[in-house]
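Work through the exercises below with the sequence and the model open. Each task is followed by a solution in steps.

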Amino acid sequence: MEEITATARRLLVEQGAEAASLRAIAREMGMTAPGLYRYYDSREELIRHVCADIFRELAADIRRAIAEAARPPAGHDEPRLMLARKLVAACHEFRRWSLSHRGEFALLFGVPVPGLDDGHDIAQQCALEFAATFYTLFLELWAVSPFPVPADAAIDSRLRPQLASFRDTLEAQVPDGAILVFLRCWVLLYGAVAMEAFGHLGFALDDPAPMFDLTLSDLATMLGLKDPPERPPH
């Protein structure tokens, strides 16, 4: 199964979703297409497992970056600064992984592959596990040092039930405004990384890294922090 998913991943990344048919995957492996059905019920199920594996890989890399940011001398920082360092490390690792895995980034965060948007599969579960690498830090920061958030009355009435539903998904005991800030932070982070990963900043910037640092400064302000710590060493 590992060989099958690895072959499918390579075809998806190198040639796109249309090229990753069961027949093509089987041919690459010296098998017959019917033979793949011993392991996966359909092409869609196989691609879901490929996406799940990639989400797990990305989440593991981000968790490693977070753990490294917590090592001494950072381990002697006060909790708020420690969390800031972890958040910065997570954001930089997300950007690093995305730029070095552009094909995988497009598969996970680009236009959804047709037939995979039923919302109740293993890829969706692993996507939430990836999201947990960020929202866990976010909730820890809120617990240690609550930051300014919009009052309930100031939030669009169309947003509030959606925010409440997402809060239930996270099993978080925080105000609607905190969930709104988290989503705004994600939109900023994803937008900055996606524009660079998809090559949409080349019209203006040869090196978008300083722009990404400015984005992190904006995120820090939204979270009630001063300018974020320096980027982690590579």
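**Exercise 1. Two loop residues**

Task: State in which loop E171 lies, and whether E171 is buried or exposed.

Solution. Step 1: E171 belongs to the loop between α8 (160-170) and α9; helices here are DSSP runs of H or I with at least four residues, strands are runs of E with at least two, and both are numbered from the N terminus. The model is a predicted one, in which local features need pLDDT of at least 70, side-chain atom pairs count only at pLDDT 80 or more, and totals for chains, interfaces and linings use all residues. Residues are numbered from 1 along each chain as its sequence is written, and side-chain values use heavy atoms, with hydrogens and water left out.

Step 2: E171 is not a glycine, yet its phi is positive, about 55°. Its relative accessible area is 72%, so E171 is exposed (buried means under 20% relative accessible area, exposed over 50%, partly exposed in between, with a 1.4 Å probe and protein chains only).

Step 3: For comparison, take P148, in the loop between α7 (122-144) and α8. P148 is exposed too, at 64% relative accessibility. P148 touches V181, M222 and G224, leaving aside residues up to four places away in sequence (contact means heavy atoms within 4.5 Å). P148 and V181 are 33 residues apart in sequence, and their C-alpha atoms are 9.1 Å apart.

**Exercise 2. Helix α6 against helix α9**

Task: Describe how α6 and α9 pack, and list the residues that meet.

Solution. Step 1: Two packed helices are described by the angle between their axes and the distance between the axes. For α6 (residues 102-109) and α9 (residues 176-197) the angle is about 135° and the axes are 11 Å apart. Axes are lines fitted to C-alpha atoms, for helices over the stretch in contact, and angles run from 0 to 180 degrees between N-to-C directions.

Step 2: α6 and α9 are therefore oblique to each other; angles under 35 degrees count as roughly parallel, over 145 as roughly antiparallel, 65 to 115 as roughly perpendicular and the rest as oblique.

Step 3: From α6, R102, F105 and F109 meet W186, Y190, V193, A194, E196 and A197 of α9. By class, this contact of α6 with α9 has seven nonpolar, no polar and two charged residues (Ala, Val, Leu, Ile, Met, Phe, Trp, Tyr, Cys and Pro count as nonpolar, Asp, Glu, Lys and Arg as charged, and the others, Gly among them, as polar).

**Exercise 3. Helix α5 against helix α10**

Task: At what angle do α5 and α10 cross, and which residues meet?

Solution. Step 1: The axes of α5 (residues 79-100) and α10 (residues 209-222) cross at roughly 145° and come within 11 Å.

Step 2: V88, C91, H92 and R95 in α5 meet A209, F212, D213, L216 and L219 in α10. The contact of α5 with α10 divides into six nonpolar, one polar and two charged residues.

**Exercise 4. The nonpolar core**

Task: Which residues have the most contacts inside the largest nonpolar core?

Solution. Step 1: A nonpolar core is a set of buried Ala, Val, Leu, Ile, Met, Phe, Trp, Tyr and Cys residues joined through side-chain atoms within 4.5 Å. The largest one has 70 residues, and F94, F130, F134 and L223 have the most contacts inside it.

Step 2: Apart from residues up to four places away in sequence, F134 touches I62, A90, C91, F94, F182, W186 and L189.
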